[in-house]
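Hi,

Here is the structure I promised to pass on. Please open it first, then read my notes below.

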There are 4 protein chains.
Amino acid sequence: MVIFMIKAAVLGATGYAGIELVRLLTNHPEVSIEILGSQSFAGKPISDVYQSFRHILEKECTEVDLDEAAKCDIAFTALPHGASKEVIPALIEKGLKVIDLSGDYRYDDAAVYEEWYGEKHSSPELLKESVYGLPELHRERIKKARLIGNPGCYTTCSILGTAPLLANKIAETKNIIVDAKSGVTGAGRTTSLPYSFCECTENSKAYKVATHRHTSEIEQELSNIAGEPIILSFTPHLIPQKRGILSTIYVNLNRASSTEELVELYKEYYKDEFFVRVKNVGELPETKHVAGSNFVDIGITYDKRLQRAVVVSVIDNIVKGAAGQAVQNMNLLFGLDERTGLNNPGFYL
Amino acid sequence: MVIFMIKAAVLGATGYAGIELVRLLTNHPEVSIEILGSQSFAGKPISDVYQSFRHILEKECTEVDLDEAAKCDIAFTALPHGASKEVIPALIEKGLKVIDLSGDYRYDDAAVYEEWYGEKHSSPELLKESVYGLPELHRERIKKARLIGNPGCYTTCSILGTAPLLANKIAETKNIIVDAKSGVTGAGRTTSLPYSFCECTENSKAYKVATHRHTSEIEQELSNIAGEPIILSFTPHLIPQKRGILSTIYVNLNRASSTEELVELYKEYYKDEFFVRVKNVGELPETKHVAGSNFVDIGITYDKRLQRAVVVSVIDNIVKGAAGQAVQNMNLLFGLDERTGLNNPGFYL
Amino acid sequence: MVIFMIKAAVLGATGYAGIELVRLLTNHPEVSIEILGSQSFAGKPISDVYQSFRHILEKECTEVDLDEAAKCDIAFTALPHGASKEVIPALIEKGLKVIDLSGDYRYDDAAVYEEWYGEKHSSPELLKESVYGLPELHRERIKKARLIGNPGCYTTCSILGTAPLLANKIAETKNIIVDAKSGVTGAGRTTSLPYSFCECTENSKAYKVATHRHTSEIEQELSNIAGEPIILSFTPHLIPQKRGILSTIYVNLNRASSTEELVELYKEYYKDEFFVRVKNVGELPETKHVAGSNFVDIGITYDKRLQRAVVVSVIDNIVKGAAGQAVQNMNLLFGLDERTGLNNPGFYL
Amino acid sequence: MVIFMIKAAVLGATGYAGIELVRLLTNHPEVSIEILGSQSFAGKPISDVYQSFRHILEKECTEVDLDEAAKCDIAFTALPHGASKEVIPALIEKGLKVIDLSGDYRYDDAAVYEEWYGEKHSSPELLKESVYGLPELHRERIKKARLIGNPGCYTTCSILGTAPLLANKIAETKNIIVDAKSGVTGAGRTTSLPYSFCECTENSKAYKVATHRHTSEIEQELSNIAGEPIILSFTPHLIPQKRGILSTIYVNLNRASSTEELVELYKEYYKDEFFVRVKNVGELPETKHVAGSNFVDIGITYDKRLQRAVVVSVIDNIVKGAAGQAVQNMNLLFGLDERTGLNNPGFYL
C-alpha cells in the first residue's frame, strides 16, 4: 500500500496563524510540510523561532521560491496583507491548490473588497473563481476549488451563529447586532505598544466601531442566506486573553418563539456538522470550551419580553477562525475525512 | 477650629465592595472609620484579612451591634443579599444615614423589585423613601435623603452611557441593546468553582442572558428619562480581568446625525459632571482608563449606514460601580465637595 | 491484523490531572478509555463536566467498581490524597497495571513517607514493589513493574535539572537550592479562596517554605544518583498562570568549569532522551516552550565568580509533571514507542 | 500661614516609572508638578498619553528646557539609560535637588559602575557626592544630599530582605542566593516582542542569569553592612503580572536559630521603619499585599535541617522599587514627614 502524503507549503509560517497551522499540520497524519516560508526568519530553523518545536520539527525557514513551491500540492498563504496577492496567481499557475488566510479572496464582488479595503483588487478574475472557505456553508464548492479564501475569525463565529435564524426565515433582517470579543492573538505577532502585556492585561476596549472590515464579510454571507441585502452592526472588542472569540448576536424574530424551539432549530440546521456544537437549553458556551480546537459552540436564548433571539457563539480565533478551518478546507480539497488532524478536544486548561 | 469628622460604619467590610470602601475611606480626609462589621471575621483585625492594610488600618472587625452603630453618622451596608433588609430599618431608626450597596432599595416600585428578585419586599415604606444613588441623575434628592440605594455596577455604566440620547429625544426607544462585559470582582469574594483562577483566566462567557436583575434597574432609570416605558436587551459577560465594566450600547436614532454632533451632545449633557469624561471624536474608552478611580468614560460613534449610535461606556465596577459611588453619595449627604477623597486618576498600571 | 487496544480506566477523571490524562488518551492511537471514575460526577457524561469534550468523548462517569475495572489492562489513579491507597491493592490483585498519580507509592523507604506525610503507610509491601515512574532514570524497572508511583510535578522538573551534575561528580552536594515556581493548575480543581481568580491574578507568593513534601522525593532521587545522602532547600511558589513549572537550581561545583562544558555535559547525559531538551549555550527555557507537551527543557549557566551552576528547568506541570508522564510510563509498560500519543509540540500560544 | 509647595520637574514623565511618579505626586499635598518632560510626547497633554489623567492633570509635556527647570526645587530624572548623565550635572548646577531613577548615581566606586555598565562614568565627582537613596539604610545622608541615586527595584527588595541577618552577624557571607521574580512593568514601556501580551501571559522565564547589573548594587550595600566583601547569586525572572517583585533569599547561618528568633530580630531591626512590615511567624508575604503602595513586606522561615534562613521579601517594583521610594526620598530632602503622600494601603484588588 502506497501512502499518499499531501505536500504542503506554509507561506508566512512564523506569524501566529502560520505557526498554529504548522502545529496542526505536524499532528496531521496525511501531510508532509515541505516549505516553511518566512521573510523575517529565512535561514533559521522554525524551532529557533518557536522553541516548542525542538525535537518535533526543526526544518529551516526559507524565502518564498516559486520553483520549490511548485513541488507541493498545496500552499497556505498566511502572509501580511497585500503580500498574498502577489504570490497567489503564480502558485495557482504552477498547479497548486491555494488556501489564502488573508482577506483578499473572500468576496463575491470586487467592489465590496475595494470599498472596505480601500484599494483596487489586483486579480479580480481569481477573486471570481475563489470560494469562500466556510465548509458549513460551501462544502461542495470548496471540494472542487483551486483557490479558497479562508474566512476571517470574527466572521466564522458570527456567520455560523446567525445563519440558522435567517435560513429558517424566522429572523427580521433589520436590527441585527453582532457584539464580538476577541483574544489578543487576533492581532497577530505584533510589537505595537497597545498589544504589550502591561497595556493589554486587566484591560478591555472596543475598536474600529462601525468600520471593521469583517462587517462586509458577515453581511455578504448572511445576505446570501437571507436572499436579501443585510446590513448590520458589528463591534469588535479586545479582551485580555490569548485565544478565543465570543460573539453575542441579537436578532429580532418575526414571530413569537421559545428557547426550546430555537435550540431545536439550530440542532436541526447543524445536525450533520461535526465542528458545530449546539448547546442544550440552559447552557451557554465559553471560550475555554473551544480553546485549541476547531469547534464552534453556539448557545441560544429567547427573550420573550422582546421577541428577540440572543445567540452566543464561540470559536478559537486561530483554529476555527484561521488555521484549523484551513486544515478543514484542505481535507475537503483532497477528499479526506473532514476531521482528519482536527479530531480533538483542544485544551480546556 | 474644630474639625468635624464623619463617623462611619462599614457593615460587610471584608467583601470586595466593603474592602474597597475601606480603602477609599482611609484616604478620605473627613471620615473616621468607627466600625468594621464582618460576620465571618469578627474578632480579627481587618489587616489580618487584607494584609495590605498593615500599618495603615489595623482595627478589629466586629459583629453588628446596633448600639455601637448608633454612635456613627453613617452606615454603609455591603452585606450579602437579604441581610441588608434586616439591619437597615433599625439603623435608620437610630438616626443614621444609610447607603445600601445591595439591590434592596433601588426601586421606585416594590412590584418591580418583587418581580426580579422573586420575593416580597420587607420594608416597602422605606423603599418608597429611599433615593436611587446616581448623583449625575438625582443629586438634589440624594442631598436630602436618609436612605440611599447605591446603584448596581452594570447599571451605573449603562444608564450614564445612554441617558443623553434619551434626554435629547434623539433615540428611538425600541431596540436598545446593552452588551456589557465585567471583570471578576463583580462576583464578589467567592469560593465558587467558576470563579477560580484556572476556570476564569483565558476564558470569557455570557451569563444570565435576558434575565439579569440589573436589567430592571436600567429600564427604570431610562424610562424615567425618556418619559415612557423602555424595555431593552441587557447581556452581562464575564471577562478575565479583576476590575472594569465595559458596556457597548446600541441605540437607533430617530433622525440622521454624526459622531461630531453626538459627542457634542454628550459633552453638553455632562458639562458639570466631574466624574463623567466624554471622549473626543475618534477616541474610545478602555477599562484601564478608569481602573481604581470613580470616573465614567464614554465614547460615541455614529454609524451612518444604520442611523445608529454605538456608545461605549466604562467604569471600575467596584469604584464608580460600588464603593466610590457610595463615597460620592456620602459627600453629598454631608455637604462636602463631591470629589473629596475621590480626586485621583486611579491606576492605569 | 488484530490491533490490540489497551483498555484503560482513569479513576479521578474529573480533576485537573485526570482530565488532562483523558485529553492525552483520546489522542493516543493504542488506548481505549473504558472507565471514567469520578465520585463527584458519577452518572454524568464527562462532556457535561468539561464541555470541550462534546463530540469527542461523551462517556459517562461512574463510581469505582472493581469488577468493572477488572476488565481493564491498566488503571490510572488520580484520586484525592489517601483515596489511592484504598483502591490500588485491589486493582493490583485483579491483575491490572496501576499508575498512581498520588504521593503514596513514590518512596523507597516507608519511613520517609511517614515522616513527610505524617501517617503510617497502609501497604508497605506494595510500596516496596512499586517503581518511581521517572523514565529518564528508571526506564528498565518501569517496563517490568506492576505498580508505578508517578512522580510529583515539582520533583520531575527539579530532579532532571540537577541529575547530570551529580552523576558526573562535578557538584558539591551541600548547598543545593531549588527555587521553583508553579502555575495554579498545580493546586488542582479547587474552590479554596486563595485560588480564586481575584486572589491569584496579579499575585505571586511562596508557600510551605522548608516543609513541602516534594522535598523528600527530590532528595531521595538525587541521593541515589549521588551515592550519598543529600538534603537541600526546596521552595515552591505560586505564580499567576495556569500551566508550567520553572525550577531555578543552584549547585556549587567542586572545580572550575564553563557554560560550554556544562551544556555539553547535559547534552551527553540526555542524548538518548526524546523528552529532555537541553538548551544551547546562551539560551534559556521558558514555560511556554513546554506548555501542553511532555518535554523538559533545561538551560545551564556557569557563574564563574562563584564557581556555581545555575540551572533553569521547565515542564508543564500537568503533562510531564503528571498526565503526560503517566502516558509515557504506560507506553513503557506495554512495550510501545515511548513517544506514542505524546509526539507533539504542545501549544506555545 | 504661607504654604510652601515644592516645585517639581519630572523628566521622563511618560515612561512607566515616570507616570507612576506623576500619579503619586498628584496625590501629594505639598508638591506642585511644574514640568512634565517627555521627548516622545512633547506638545501633547499628559492626559492624552495616559487618559486616566483626564480631569485630574491635563498639563502639556515638554522637551527638557534647563532654564525652565531652574525654576523648580527638585527634578526627578526617569530617563532612558545614558540620558540622565547629560542633564543631571546641569540641573545640580542650577541649584536643584535631583533624584535620579537610573543606575548612574548608585555606586560608591566608579570602577564597579564601569565593570557592570561597560562604560566610563562621565561625572565621577558627582557620583562620589551622590547618596544611595535607600532611606532605611541611609536616611541621615539622604536628608543632606543634593543628588540621590534612587535604588533599583530588585535591589531595594533584596537588600532590605537580607540586611538584618548581616547586621546581626548571624549570617554566613558565603552562599547567599537571591532568586527574584518581577512583574512586566519592570521592563518599562516597551514595544519589544518578548513583552507583548501573547508572549508574556501564561509564561515565566529567567533572564540575565549571573550577569544582571542589580547584582552589583546588592553586593555593594550588603558588603557595607557586613563589613566584608560579599559576592552572591542573583537571578531575575519575569512572571506574568504587571506589578510586583518577590525575592526569595537563602542565607546560611553561623549558628542554630529558630523562626521565632529570626522574626524577632527582623522586627527589632525595622522597629522604626514605617514602610517595612515584618510578617509574624507563620505568615508569608504576597505581591498583592504591597501592590500600589510603598511598603516592603518580609517573611522569614528558619530551615532547621539546613541551618538556613529563607527570607521572602516583596515590593511593588514601580512604587517602593522606583517612584514611591523617590517620593520618600523627596520627603526627607525637604524635611517632610516621610509618609506624606504615601500613607495608603495600595490596592489589593
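The largest nonpolar core has 234 residues. Those with the most contacts inside this core are Phe76(A), Phe76(B), Phe76(C) and Phe76(D). Bear in mind that this is a predicted model.

Take Phe76(B) as the example. Leaving out residues up to four places away in sequence, Phe76(B) touches Ala8(B), Ala9(B), Val10(B) and Leu11(B), among others. Its partners also include Leu21(B), Leu25(B), Ile99(B), Ala326(B) and Met330(B).

Next, a helix pair in chain C. Helix α8 of chain C covers residues 153-167, and helix α10 of chain C covers residues 214-226. Their axes come within 9 Å and cross at roughly 25°. Angles under 35 degrees count as roughly parallel, so α8(C) is roughly parallel to α10(C). The crossing is right-handed. From α8(C), the residues that meet α10(C) include Ile159(C), Ala163(C) and Leu166(C). On the α10(C) side, Ile218(C), Leu222(C) and Ile225(C) are among them. By class, this contact has 10 nonpolar, four polar and two charged residues.

Last, one residue in chain D. Ala206(D) sits in strand β9, residues 205-206 of that chain. Is Ala206(D) buried or exposed? Its relative accessible area is 4%, and buried means under 20%, so Ala206(D) is buried. Beyond its neighbours within four places in sequence, Ala206(D) is in contact with Thr235(D), Pro236(D) and His237(D) in chain D, and with Leu246(C), Leu284(C) and Val312(C) in chain C. Ala206(D) and Lys181(D) are 25 residues apart in sequence; C-alpha to C-alpha, they are 8.4 Å apart in space.

Best wishes

Technical notes:
Residues numbered from 1 in each chain as written. Chains lettered and ligands numbered in written order. Predicted model: local features only at pLDDT ≥ 70, side-chain atom pairs only at ≥ 80, totals over all residues. Heavy atoms only, no water. Axes fitted to C-alpha atoms, helices over the stretch in contact; angles between N-to-C directions. Helix = DSSP H or I, 4+ residues; strand = E, 2+ residues; numbered from the N terminus. Parallel < 35°, antiparallel > 145°, perpendicular 65-115°, else oblique. Left-handed = near helix turned anticlockwise from the far one by under 90°. Contact = heavy atoms within 4.5 Å. Nonpolar A, V, L, I, M, F, W, Y, C, P; charged D, E, K, R; others polar. Core = buried A, V, L, I, M, F, W, Y, C linked by side-chain atoms within 4.5 Å. Buried < 20%, exposed > 50% of the residue type's maximum accessible area, 1.4 Å probe, protein only.
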